[in-house]
Every structure is written in structure tokens, then in C-alpha cells.
Amino acid sequence: MTYAVRAEGLRKRYGAVTALDGVDLEVSQGTVLGLLGPNGAGKTTTIRILSTLLRPDSGRASVGGFDVVRQADQVRRLIALTGQYAALDEHLTGAENLELFGKLLELGKREARRRAAGLLADFGLEEAADRPAKTYSGGMRRRLDLAAGLVGRPSVLFLDEPTTGLDPESRLALWQAVRRLVTEGMTVVLTTQYMEEADQLADDLVVVAGGAVAARGTAAALKAKVGDRTLVLRPERPGKLNELLVAAAQAAPAARTEGEERVVIPSADGALMNAVLDRVTEAGLTLDEAEFRRPSLDEVFLAVVGRTVGQAQQDTEATRRDTEPEVDAA
Ligand SMILES: Nc1ncnc2c1ncn2[C@@H]1O[C@H](COP(=O)(O)OP(=O)(O)OP(=O)(O)O)[C@@H](O)[C@H]1O
Ligand SMILES: [Mg+2]
């Protein structure tokens, strides 16, 4: 079996920091691999090695069968990396930017134009084609950036947090664009902080934490691993949330609140639900809702990494604050 992308035992250190501590992954052609992990997990380092921008200290990786270190030129002809290669010129129009990429690839003027026009249409940028890129919104710029990467018809696309900071509409547009590329046979490796994005786009997931693979599998398989179902209860009156928690916890010690209006009970089955509902009724509480929920990818992440994505981010920010040098007020 040959994979479109393959990495074996990738290690990378930056001084005292071990960014990657033996990462293995495989991506079949025409599929999307989602790389998930908290800040500092090693996602970008992995992407940079796979896209030939960074050499691993040890281990090896290949794209389209070419070694990313020894055959970096061949690899570069096969790939696109958003946000890196595609250095857009702010003063050129969208169309001119794409045509310029075509010229750099020595496509010839007509072919460069043809590809630019096709991509502008594919990415919903036709109307903005003749406006300078500096007038583009964040979402349009991201799409133009992706389009620029596609001028060379890559077979493997690396996307490092492609939708961070985009509004929901722009995010959806980008997801659609990626899905269409995949149906055309493109292989995609993407990193994301959004569980929903991984759920929507990725065929397979690799969760990295501390530079190592903490879990891998399809979204469905990872969800199944984390466990069965979560029982979600919502009191009729939000003010009763704590009373509901106390009542539920008598039957299910793992009960906890989620947000301002729900009590959740992980790994619940029908018998546990009956026991919980008995306690809730005894306590004289009325429910607005009681339902089983399949684990979300966020819960998978929590189970695998021990923290939610949000907490992991906060932890990293706190560490950064702690280690920032004190400014002497003298
Ligand atoms: N150029 C560098 N010099 C020193 N340390 C680095 C460098 N690049 C990355 N690191 C460290 O390597 C580790 C992995 O970083 P990496 O950027 O791969 O993480 P990430 O998973 O992409 O995180 P994020 O979600 O914040 O983008 C981190 O501890 C980071 O601080
Ligand atoms: Mg990163």
C-alpha cells in the first residue's frame, strides 16, 4: 500500500523543547487527515516537515512516494501549503495574483489566465477579481490564498488552521471548497482547533499532544472509544440547575454541569437514566429535556488529552504569561 503522505518516527527539537517525539501518520490518496491537538502540540511542526520547509532531526516522511528531505524538489511540485507559498501581493488584483502564480510556474500567458479565471469562479471571487487584494475581507483573502496554492494543480494540500478567525459563513465556504477538491482526488492534511471542522472534513484523525500521537482513527471510531453516550438533563427552570445536579449525583456520581443550563452524565445507559430520573422526581424537580448524546469530538479530545481544547489554550496562554520576562520599572 502506498500512501499519499507518510511519516515515520518524526522527531524535532528546538533547543530544550521537544516539538516532535516520534510522530507516525499515513494519509491515503483522496482523503483528508485532520491533525488535532492543543497549542504547542506539534501540529505546525509536522506540517512544516511534510511540506519540506523544515528538516526532521530523525525519522522520515514522504509525499507521493518522494522523500521530503532527499527529494524535496519533487515533493514541492506535488504540494500546496496555504498561507506560506502563497505570498499574495496586496496591490495586485485577485486575478493578477493568480496569473502571477501561473507565470511563475511557466504556464504561458493563456493557460495562466485560464486557470486564474477557473479558480476565481470556483472560489466565488469572480466579482472581486479585478479589485486589489488589499480590499479583500479576511474570508476572501483566505480563499484567494487557497486558490493561489491550487494554480499549480497540486495533488496534496496542507492547510494549517485554514479557518481560524473566519466567520461561520466564510468557514462554510472554505469547507465546501475543500470537500470539492477532495472529491476530485486531492489529498488534504489539515490542522485545526475546531472540533467541528475535523468532524466535518476529516476522514481520519490524529490527535497529537506533547509532540506524540495520543490517539488516531476515524471520528466515529474515536467517539466510540471515548464511550457510549452522555445523558443530558435540562431543568425546566434554569435556577434549579444546582438542585438538579445534587439530585442526579445521588444516582450518578459523575454528573456535572455543562454551561449554565445543563447537567451531563457521561457513560450513561438506560438503567442509570432510570435511576437518575427517580432521584430527580423525588426531589420534586421538573425537566425540560432529557436526552442521550453521542460524544462530541471535543469530549474525545478531553478524554485523550485530559483537557478540552479551550482549557489547553488557556493553559498555554497562562504559561506564556508566566514565562514572559518581567519588565523592570526602573
Ligand atoms: N522556531 C521555533 N523555535 C523554538 N521553539 C519552537 C519553534 N517552533 C515551534 N516551537 C515549539 O515547538 C512546540 C510545537 O510547536 P508547534 O508550532 O508545532 O505547535 P502547534 O501544535 O502548531 O501549536 P498551535 O496550536 O499553537 O499552532 C511548541 O512547544 C513550540 O513552542
Ligand atoms: Mg500551529
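This is a short tour of one structure, stop by stop, for use with your viewer. The model is predicted.

**Stop 1: the four-stranded sheet**

Select strands β2, β1, β4 and β5. In that order, these 4 strands form an open sheet, and their pairing is antiparallel. Now look at the edges. β2 (17–27) and β5 (66–67) stand there, each with a single partner strand, so one side of each is left without a neighbour in the sheet.

Zoom in on β4, residues 58–63. β4 pairs with β5 in the antiparallel sense, over 2 bridges. Which residue of β5 is the bridge partner of Ser-62? Asp-67 is that partner.

**Stop 2: the six-stranded sheet**

Hide the last selection. Show β6, β7, β8, β3, β9 and β10. These 6 strands, in that order, form an open sheet with mixed pairing. β6 (79–81) and β10 are the edge strands, and each pairs on one side only. On average, neighbouring strands here are turned by 15° against each other, direction ignored.

**Stop 3: β9 and its partners**

Select β3, residues 32–36, together with β9. The two run parallel and are joined by 4 bridges. Leu-33 stands opposite Asp-204 in β9.

Next, select β9 (residues 204–209) and β10 (residues 212–217). Do these run parallel or antiparallel? They run antiparallel, joined by 5 bridges. Find Val-207; opposite it, in β10, stands Ala-215. β9 and β10 form a hairpin with 2 residues between them. Click on Gly-210 in the turn: its phi is positive, about 55°.

**Stop 4: Thr-192**

Select Thr-192, which lies in strand β8 (residues 187–192). Is Thr-192 buried or exposed? Thr-192 is buried, because its relative accessible area is 2%, and buried means under 20%.

Show what surrounds this residue. Beyond residues up to four places away in sequence, Thr-192 touches Leu-35, Leu-36, Glu-161, Glu-197 and Ala-198. Then pick out Tyr-194. The backbone nitrogen of Tyr-194 lies 2.9 Å from a polar atom of the Thr-192 side chain.

**Stop 5: the nonpolar cores**

Select Leu-98, Phe-123, Leu-144, Leu-150, Leu-157, Val-188 and Leu-205. They belong to the largest nonpolar core, which has 47 residues, and they touch the most other members.

Centre on Leu-98. Leaving aside neighbours within four places in sequence, Leu-98 is in contact with Ala-116, Leu-119, Leu-120, Leu-144, Ala-147, Ala-148 and Val-151. Now move to a second, separate core of 26 residues. Among its members are Leu-25, Val-63, Ile-79 and Leu-81.

**Stop 6: ligand 1**

Finish at ligand 1. How many residues surround ligand 1? There are 13, and the closest are Asn-39, Gly-40, Lys-43, Thr-44 and Thr-45.

- Gly-42: a backbone N or O atom lies 2.9 Å from an oxygen atom of ligand 1.
- Lys-43: a polar side-chain atom lies 2.7 Å from an oxygen atom of ligand 1.
- Thr-45: an N or O atom in the side chain is 2.5 Å from an oxygen atom of ligand 1.

Key
Residues numbered from 1 in each chain as written. Chains lettered and ligands numbered in written order. Predicted model: local features only at pLDDT ≥ 70, side-chain atom pairs only at ≥ 80, totals over all residues. Heavy atoms only, no water. Buried < 20%, exposed > 50% of the residue type's maximum accessible area, 1.4 Å probe, protein only. Polar contact = N/O pair within 3.5 Å; in protein donor to acceptor, adjacent residues only side chain to side chain. Contact = heavy atoms within 4.5 Å. Pairing = 2+ DSSP bridges. Axes fitted to C-alpha atoms, helices over the stretch in contact; angles between N-to-C directions. Core = buried A, V, L, I, M, F, W, Y, C linked by side-chain atoms within 4.5 Å. Near = heavy atom within 4 Å.
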